[in-house]
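This report looks at the aromatic rings of a protein model, at one of its helices and at the surroundings of its ligand.

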Amino acid sequence: MSINKQILLAKRPEGTPDKDTFKFAETDIKKPENGEVLIRTIYVSVDPYMRGRMVDAPSYVPPYQIDDVLGGGAIGEVVESKSSQFAIGDIVLGSYGWQSYYTAKEDEVRKIDKDIAPISTHLGILGMPGLTAYFGLLDIGKPKEGETVVISGAAGAVGSVVGQIAKIKGAHVVGIAGTDEKNQYLKEELHFDETINYKTTSNLQEDIAKACPNGVDVYFDNVGGEISDAVHSNLNKYARISICGAISSYNLEGEDIGPRIQTTLIKKSVLMQGFTLGDFADRFAEGSKALAQWLQEDKLKYEETIKEGFDKIPEAFLDLFEGNNIGKLLVKVDE
Ligand SMILES: NC(=O)c1ccc[n+]([C@@H]2O[C@H](COP(=O)([O-])OP(=O)(O)OC[C@H]3O[C@@H](n4cnc5c(N)ncnc54)[C@H](OP(=O)(O)O)[C@@H]3O)[C@@H](O)[C@H]2O)c1
């Protein structure tokens, strides 16, 4: 247990990252000092936004530097404590990223409740993706009963929660995802009303029109690009578009040029708003409480795609761009 395994940014990717983007390293474990805890990592999160941090450009989170550990959500167990706030055995959440051990200052991590659901859910439905779905849909999309909500990236960590919350609110819910297996899951397990496989459809715009006989009132956009172009052509008057992500463009070099949308927005009086979860930081307690309650009442279900082994982390990250996940993609690095 004297060695800390880490994964560093080896070089900035051009286009889709590959194995040369990452570098494995080992360092000594730092003994905790007063006010610190040593954490043994159990789960590491891989998230699409990490691709953005590999680019040396200003954003809402600072870019990774070359030879930095790839920072991001992680859950671990406290194995040594020099803090009065944490005991050995506590399970904590932090954003210290892709490393097998981490010596944290006590304000860098927070204890998570082991009793509500498996601890991994704090990186998924009860964590950042779940909160993103909650605020992005309810505060920006504002679905009303009987309205139609369309979600792209519908079978992923965020999208699968958005659709279920939209169902709770009484909406007609249409999910767009990249495999038949995902769409079957959305319909049969999560009770989405309609689903569309964007990879096999011959006319996405027409399929959206068929799945949304009353038009689209809310579009929760996780992917951008041509999928969103097809949704935009089906918008109703006063529709709301919640721009959560644009994963279809994250590996593009240069600008992502598409149809100009201004005229559509004007003609239909559409409201389009981008957001990051941090915009809602002062209301996380509200979102966490609602998600935990719905989960306990069986109104929300979740799926996780879990890879095993520290060495699998880069591969798991790349899987996000291949669509190899249903629900939240995680790597379990230790028991
Ligand atoms: N604004 C915020 O604060 C915030 C917070 C969290 C996440 N996000 C964004 O929300 C989106 C979803 O994140 P997530 O964590 O829930 O990831 P996710 O949906 O669990 O995983 C990514 C999924 O994106 C789809 N995808 C990949 N490449 C694509 C492409 N070229 N075109 C269309 N779909 C593609 C794949 O599903 P298919 O098989 O369906 O293609 C893949 O499974 C991302 O864009 C992410 O950046 C934003």
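In this predicted model, Tyr134, Phe135, Phe220, Phe275, Phe280 and Trp294 are linked by ring pairs into a cluster. The structure holds 11 aromatic pairs. One of them joins Phe220 and Phe275 in an edge-to-face arrangement, with 6.4 Å from centre to centre and 65° between the planes. This pair connects distant parts of the chain, since Phe220 belongs to strand E11 (residues 216–221) while Phe275 sits in the loop between strand E13 (271–274) and helix H8 (284–296), 55 residues apart. Both Phe220 and Phe275 are buried.

Another pair is formed by Phe317 and Phe321, whose ring centres are 5.4 Å apart and whose planes stand at 70°; because an angle over 60 degrees counts as edge-to-face, this pair is classed in that way. Phe317 and Phe321 both lie in helix H9, four residues apart, which is about one turn of the helix. In general, an α-helix has 3.6 residues a turn, so residues three or four places apart point the same way. Phe317 and Phe321 are both buried.

Two members of the aromatic cluster, Tyr134 and Phe135, are among the buried residues of helix H2. Of the 14 residues of H2, 12 are buried, so this helix is largely enclosed by the rest of the structure. From its first C-alpha to its last, H2 reaches 18 Å, close to the 20 Å expected at 1.5 Å a residue. Just after H2, Lys142 takes a positive phi of about 45°.

Helix H2 (128–141) also takes part in the ligand site, where H2, helix H3 (157–168) and helix H9 (313–322) each supply at least two residues of the shell. The ligand is surrounded by 27 residues, and the closest are Val158, Lys182, Tyr198, Tyr250 and Asn325. By class, this shell has 16 nonpolar, 10 polar and one charged residues.

| Residue | Protein atom | Ligand atom | Distance |
|---|---|---|---|
| Gly178 | backbone N or O | oxygen | 2.8 Å |
| Asn222 | backbone N or O | oxygen | 2.8 Å |
| Phe275 | polar backbone atom | nitrogen | 2.9 Å |

Of the 910 Å² of accessible area that the ligand has on its own, the protein covers 91%.

Key. Residues are numbered from 1 along each chain as its sequence is written. This is a predicted model: local features need pLDDT of at least 70, side-chain atom pairs count only at pLDDT 80 or more; totals for chains, interfaces and linings use all residues. Side-chain values use heavy atoms; hydrogens and water are left out. A residue is near a molecule or strand if one of its heavy atoms lies within 4 Å of it. A polar contact is a pair of N or O atoms within 3.5 Å; within protein, one must be able to donate a hydrogen and the other to accept it, and residues adjacent in sequence count only if both atoms are side-chain atoms. Accessible areas come from the Shrake-Rupley method with a 1.4 Å probe; for residues, only the protein chains shown count as cover. Ala, Val, Leu, Ile, Met, Phe, Trp, Tyr, Cys and Pro count as nonpolar, Asp, Glu, Lys and Arg as charged, and the others, Gly among them, as polar. The expected span of a helix is 1.5 Å times one less than its number of residues. Buried means under 20% relative accessible area, exposed over 50%, partly exposed in between (1.4 Å probe, protein chains only). Rings of Phe, Tyr and Trp (its six-membered ring) pair if their centres lie within 6.5 Å; planes under 30 degrees apart count as stacked, over 60 as edge-to-face and the rest as tilted.
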